[in-house]
Amino acid sequence: MKIHLLFFTLTFPVLTALARSQTRGITDKVKVGMIRYLYNHYTNPRWSCMLICLALTSLSITAFSQDQSALKLWYTTPAGNIWENALPIGNGRQGAMVYGNVARETIQLNEHTVWSGSPNRNDNPDALAALPEVRKLIFDGKQKEAEQLANKSIITKKSHGQMFQPVGNLHLTFEGHDNYTNYYRDLDIERAVAKTSYTVDGVTYTREVLASLPDRVLVMRLSASQPGRLAFKASYTTPQPASSIQTTPAKDLTLTGTTSDHEGVKGMVRFKSIARIKTEGGMLSATDTTLTVNGANAATIYISIATNFNSYKDLGGNENERAAAYLNKAYLKAYATMLKEHIAAYQRYFNRVRLNLGTTPVDVAKLPTDERLKNFRTVNDPQFAALYYQYGRYLLISSSQPARAGRYADAEPGQPANLQGIWNHRMRPPWDSKYTININAQMNYWPAERTNLAELHEPFLRMVRELSETGQETARVMYGARGWMAHHNTDIWRATGAIDGATWGMWVAGGGWTAQHLWEHYLYNGDKAYLASVYPILKGAALFYVDYLIEHPRYHWLVVNPGTSPENAPQAHGGSSLDAGTTMDNQIAYDVFSTAIRAAGILKKDAAFVDTLRQMRSKLPPMHIGQHGQLQEWLEDIDDPNDKHRHISHLYGLFPSNQISPYRTPELYSAAKTSLIHRGDVSTGWSMGWKVNWWARLQDGNHAYTLIQNQLTPLGVNREGGGTYNNLFDAHPPFQIDGNFGCTSGITEMLLQSADGAVHILPALPDVWPTGSVTGLRALGGFEVVDMQWKDGKLTKLAVKSNLGGNLRLRVPNALKTNGGGALATASGQNPNLFYHTDDTPAPVVSPKASKSALTLKETLLYDMPTQAGKVYTLVAR
């Protein structure tokens with residue numbers, strides 16, 4: 001017996017290390033056999049069972065811990081004073097950046113309605129009188145003169161938009177903690193909890209912080225491994241000039257203030273932040289502006305932030321009452337209870353999609369996140385790509401939440417994720433951290449429907465409703481048009497005037513594009529009551545174009561004039577972005593008319609109006625293929641193949657729209673590819689995110705993956721381009737969150753597409769992800785992937801749930817059969833499922849100088865399968 005125990009003591013660490021090893025080619029079965037052999041060779045076999053069980057337990061625990069860590073951002077150093085090193089948490093109303101500093105911790109605080117200014121409008125009434133002359137100048141080829149007149153008479157003379165602003169910072173000071181060891185911090189995106197731990201003088205200190213989804217407060221748990229060793233001081237700072245910090249007799253720490261004036265608009269958002277500490281053991285004391293904890297075993301800090309904001313036109317709320325109500329309710333709960341409820345609420349969204357792109361070699365996977373980021377371009381790290389994918393979903397859950405049930409539901413609906421989501425530490429952030437609606441705000445919500453977060457689309461959809469209200473006056477006052485419109489930017493006050501200068505602001509399609517999100521939401525959920533509720537908005541967007549379009553004197557098409565191809569100013573136009581009938585304007589007008597036509601047909605409304613739209617749609621300019629074989633950006637063939645502009649707006653028709661298809665419009669498809677090649681790969685972070693989606697639509701998974709590698713590169717490595725910060729925030733630079741969301745959408749498009757008449761499975765799988773699986777992705781018409789598995793690039797299993805019934809048309813890379821061995825029907829003709837209807841794209845105008853390039857597509861099989869609502873259909877490889 002003693003001999004066996006001695007052998008066990010000496011050899012068990014070696015044997016369990018074998019069990020834990022990740023040596024490629026050694027399966028768990030082989031490892032267990034080796035363990036059994038070694039033990040039987042030296043000991044009594046009756047003890048082998050116990051050893052094997054213990055070793056297997058070690059193996060399974062290790063595997064579990066690796067699975068858990070696969071969805072963590074983790075680091076071995078604090079953030080220091082670099083905001084982009086801090087880790088984001090949020091609940092859609094409050095956002096915080098957790099620095100993980102030791103001696104002086106910082107929790108930087110945001111609240112979704114803390115914006116400068118107050119209700120205001122920024123229309124320019126001079127626009128209507130100047131409009132005919134601006135149009136004439138553009139038609140005469142004098143775009144620069146038209147731009148100058150637009151700057152004078154169309155661009156606003158009032159506010160160019162208000163700013164999303166920070167609340168302040170909660171600082172925690174730990175005396176004597178300057179020298180520490182065993183430092184570790186992480187953000188667990190599977191639980192939405194940030195953690196920091198370290199050791200000082202033999203005591204391990206741990207902090208956990210979360211932004212509670214159900215309780216609408218931030219909560220932080222601090223503990224020490226030895227009783228009575230927790231001591232710290234809590235204080236606020238804020239960059240807000242009109243603010244006050246003080247403690248109350250009840251030992252609450254409060255920060256109150258009013259946001260700043262900006263560009264002639266008075267700041268009138270009042271905010272209040274309350275921090276309250278619950279200690280376990282020890283003492284809590286207060287000065288005028290600090291709270292101090294001494295001799296505690298643990299402590300929990302509850303932080304509630306609220307404002308007087310009710311809506312874009314109402315600031316009649318009571319920030320004091322709100323902040324206190326949220327805090328008092330949460331304070332009654334223990335941290336463990338709040339943690340459990342928060343994780344459950346968070347995982348109700350997050351766990352809908354599981355993604356496995358393969359296993360990363362252990363020597364790569366064991367590195368901290370910042371080191372894996374540095375290595376991503378040169379090593380195969382599929383788990384890091386999956387982490388980045390899920391991080392995009394985490395950020396959307398954290399920054400965009402639907403209207404709440406409860407006392408303040410009507411007074412405080414969640415705001416959409418802005419240019420920085422819900423995280424900003426600057427009083428004057430880049431581009432005011434508002435909503436740029438010529439691409440960036442829309443990109444934020446590309447993952448919403450596809451990645452099973454449809455409820456989180458609601459704040460953006462509500463903003464579109466509100467823009468349709470404010471945009472009616474802009475359409476009438478500035479352009480003499482009915483319906484509604486918006487230019488390229490808006491803010492929390494839903495301003496719809498033209499801002500920044502004509503180069504950027506003289507773009508009238510903000511309303512038309514954002515309205516497509518309302519239609520997309522319907523295509524995924526099939527709710528006719530919802531469609532009826534948004535139809536007036538879709539109709540109003542179309543009505544604006546009915547009145548705004550003008551006949552081109554040379555080509556006789558109906559064109560947008562003035563318009564732009566966002567932010568690109570070709571030298572052929574004298575360095576002006578203004579023009580008539582740009583490709584993107586035409587594509588958006590086409591979609592606006594098409595969605596209004598289809599919605600009216602479904603609802604059996606407005607037959608005469610539909611006839612008008614059909615006639616006008618037929619008079620829009622078709623897309624053009626230019627002399628270089630490119631998709632023209634403008635009506636004239638002036639594209640420069642050396643133009644590397646970050647905006648490639650004329651590819652809107654490829655993605656997010658479906659006007660360009662490899663199967664329906666092969667010439668346009670090839671031309672779009674040529675344009676994308678001309679623009680190159682490396683660009684700003686968000687632009688690379690959009691390019692992932694484009695290359696996915698072009699069914700080139702390897703090129704899409706190259707863009708992911710370029711995007712997942714530390715800032716500064718891509719010459720004259722963006723990349724990613726250490727906390728995996730997208731770098732334009734500076735930080736813009738749309739790149740994160742764009743890449744998550746792009747990876748989804750690599751695995752599943754449903755925009756082109758069928759559910760296309762594995763349309764753009766790169767060679768580096770030969771084997772994997774995914775669950776939870778959604779397709780148009782209420783279809784949801786319950787399980788999808790592939791091996792060696794071939795689909796091995798597909799289980800699809802039909803929520804609405806109807807025909808399921810599948811485009812797949814290899815032959816399938818039903819789970820019971822039955823054959824599938826080959827598809828032909830138009831998909832009878834109306835959610836998959838595709839409008840006929842007009843034939844392009846092709847330059848005689850354009851060389852035709854052969855279009856080579858991967859072979860696919862097309863199946864049709866009738867489905868019933870609520871049933872799951874399972875297919876396997878044949």
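**Entry 1: the largest cavity**

I looked up the largest cavity of this predicted model and found that it holds about 610 Å³ of space. I then asked which of its lining residues lie closest to its centre. Of the 35 residues in the lining, these are Trp519, Leu523, Pro656, Ser657 and Asn658. For context, I searched the whole structure and noted 8 cavities of 30 Å³ or more.

I next asked which helices and strands supply at least two residues each to the lining of the largest cavity. I listed helix H12 (446-450), helix H15 (510-525), helix H17 (583-603) and strand S27 (752-753). H15 provides the largest share of this lining, with 7 residues. Sorting the lining by class, I recorded 13 nonpolar, 13 polar and 9 charged residues.

**Entry 2: the second largest pocket**

I turned to the second largest pocket, for which I noted about 310 Å³ of space. Its lining comprises 18 residues, and those closest to the centre are Ile597, Arg598, Gly601, Ile602 and Leu834.

Which helices each supply at least two residues to this lining? I found H15, H17 and helix H18 (607-618). H17 gives the most to the lining of this pocket, namely 5 residues. I note that H15 and H17 each also supply at least two residues to the lining of the largest cavity. By class, I recorded 10 nonpolar, 2 polar and 6 charged residues around the second largest pocket.

As a reminder to myself, strands of a sheet pair through backbone hydrogen bonds, in either a parallel or an antiparallel manner.

**Entry 3: the pairing of S4 with S5**

Within the sheet, I looked up how many bridges join strand S4 to strand S5. I found 6 bridges between S4 (residues 104-111) and S5 (residues 168-173), and the two strands run antiparallel. I also looked up the partner of one residue, Arg104, and found that its bridge partner in S5 is Thr173.

How values were computed: Residues are numbered from 1 along each chain as its sequence is written. This is a predicted model: local features need pLDDT of at least 70, side-chain atom pairs count only at pLDDT 80 or more; totals for chains, interfaces and linings use all residues. Side-chain values use heavy atoms; hydrogens and water are left out. Two strands pair if DSSP finds at least two bridges between them. Helices (H or I, at least four residues) and strands (E, at least two) are DSSP runs, numbered from the N terminus. On a 1 Å grid over the protein atoms alone, a cavity is a set of points where a 1.4 Å probe fits but cannot get out, and a pocket is an open set with protein on both sides within 12 Å along at least five of seven lines; lining residues have an atom within 4 Å of a point. Grid points are joined across faces, edges and corners, and a volume is the space filled by probe spheres set on the points. Ala, Val, Leu, Ile, Met, Phe, Trp, Tyr, Cys and Pro count as nonpolar, Asp, Glu, Lys and Arg as charged, and the others, Gly among them, as polar.
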